[in-house]
Amino acid sequence: MDENIQHVVESDAPAEVRIARLWWVVSGVVALLLVVVLAGVIFYRQSDKPFGFEVEWMGELVEARAPVWTIPALVFNWIGGGIASIVLVPLVIVGGLLIWRRPWGALYYVIAAVTSVTLTTIIKNLVGRPRPTEILVTPDFSSFPSGHSANAALIATTLGFIFWRVWVWVGGAIYTVLMMLSRTYLGAHWISDTVGGMLIGAGVAVILWAPFAFRLYRERRLPHPPIWVKVPDAVSRPGVRDSPAHSRGR
């Protein structure tokens, strides 16, 4: 489809497809700006000094440590870091999206994930915040921002945009909050580290969603049987019946 035709088709999309991206992107930019502000505050007040409320929270968690909480926290630690977060989880997500015919969703997730990891790594190197002393795991360098929290928020947000289902958004939010709690429980991060990571993951996912919004919208309207199930050509090709303009008459 050439650019002119693509422009006409997209311009016929309903209002929620055409204009909703603006405020989503604004919120994503604001999230990343908040990370920059938080990083600046942490750096200039001496990066090795946590906030008072963070010290109190860490003390409460250390006193509450017990196997019933430690084991699930270690599971989250494994899922969100190391080989699992770099290889296994992305392979499951990308593989699942490709098997169930969501190539644009897979591409969007990969680009967002790489961008989030890159940005997180850069900020870690710039801030250089020490880890808490009451730590139960062996993480990588620098405490701010939390890579686990960034990864969890990115997965939750990208899958929310790809599937656009309430249960996906709710499940993703719960997963992200539990990941953030597990990082402070294990003593791997201060609260502000997890908040910074969450803002990076969600902010990157929202901003990068904008150029994919229309294609993800159309992709959601197509059938999604696994790739080994043949789909009739008339159904697999998004024509007039699959266009957002046609949906306004339904």
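Start the tour at tryptophan 164, which sits in the loop between H7 and H8. Helices here are DSSP runs of H or I with at least four residues, numbered from the N terminus. The phi of tryptophan 164 is near 50°, a positive value in a residue other than glycine. With a relative accessibility of 36%, tryptophan 164 is partly exposed; buried means under 20% relative accessible area, exposed over 50%, and partly exposed in between, with a 1.4 Å probe and protein chains only.

The model is a predicted one, in which local features need pLDDT of at least 70 and side-chain atom pairs count only at pLDDT 80 or more, while totals for chains, interfaces and linings use all residues. Residues are numbered from 1 along each chain as its sequence is written, and side-chain values use heavy atoms, with hydrogens and water left out.

Next, select arginine 101, in the loop between H5 and H6. Arginine 101 has a positive phi of about 55° although it is not a glycine. Its relative accessible area is 26%, so arginine 101 is partly exposed.

Move to the loop between H6 and H7, where proline 145 is placed. The peptide bond that joins phenylalanine 144 and proline 145 is cis, with omega about -5°. Proline 145 is also touched by threonine 120, as are Gly147, Ala150 and Ile200, not counting residues up to four places away in sequence; contact means heavy atoms within 4.5 Å.

Threonine 120 itself lies in helix H6 and is buried, with a relative accessible area of 5%. Select serine 116 as well, also in helix H6. Serine 116 is buried at 4% relative accessible area. Leaving out residues up to four places away in sequence, serine 116 touches Ala150, Leu154, Ile200, Gly201 and Val204.

Now show the largest pocket, with a volume of about 660 Å³. A pocket is an open set of points on a 1 Å grid over the protein atoms alone, where a 1.4 Å probe fits, with protein on both sides within 12 Å along at least five of seven lines; lining residues have an atom within 4 Å of a point. The volume is the space filled by probe spheres set on the points, which are joined across faces, edges and corners. Of its 30 lining residues, those closest to the centre are Gly80, Ser85, Ile86, Val117 and Gly147. Helices H4 (67–80), H5 (82–99), H6 (103–127) and H7 (147–163) each give two or more residues to the lining, and H6 gives the most, with nine.

Turn to the second largest pocket, of about 260 Å³. Its lining includes Trp57, Trp69, Phe76 and Tyr185. Helix H3 (52–63), H4 and helix H8 (166–185) each give two or more residues to that lining, and H8 gives the most, with five.

Stay with H3 and H8. Their axes, lines fitted to C-alpha atoms over the stretch in contact, come within 9 Å and cross at roughly 85°. H3 and H8 are therefore roughly perpendicular to each other, a term for angles of 65 to 115 degrees. Trp57, Met58 and Leu61 of H3 make the contact with Leu181, Thr184 and Tyr185 of H8.

End at tyrosine 217 in helix H9, residues 191–221. Tyrosine 217 is buried, with a relative accessible area of 15%. Its C-alpha atom is separated by 10.0 Å from that of glycine 105, 112 residues apart along the chain.

Conventions
Axes are lines fitted to C-alpha atoms, for helices over the stretch in contact, and angles run from 0 to 180 degrees between N-to-C directions. Angles under 35 degrees count as roughly parallel, over 145 as roughly antiparallel, 65 to 115 as roughly perpendicular and the rest as oblique.
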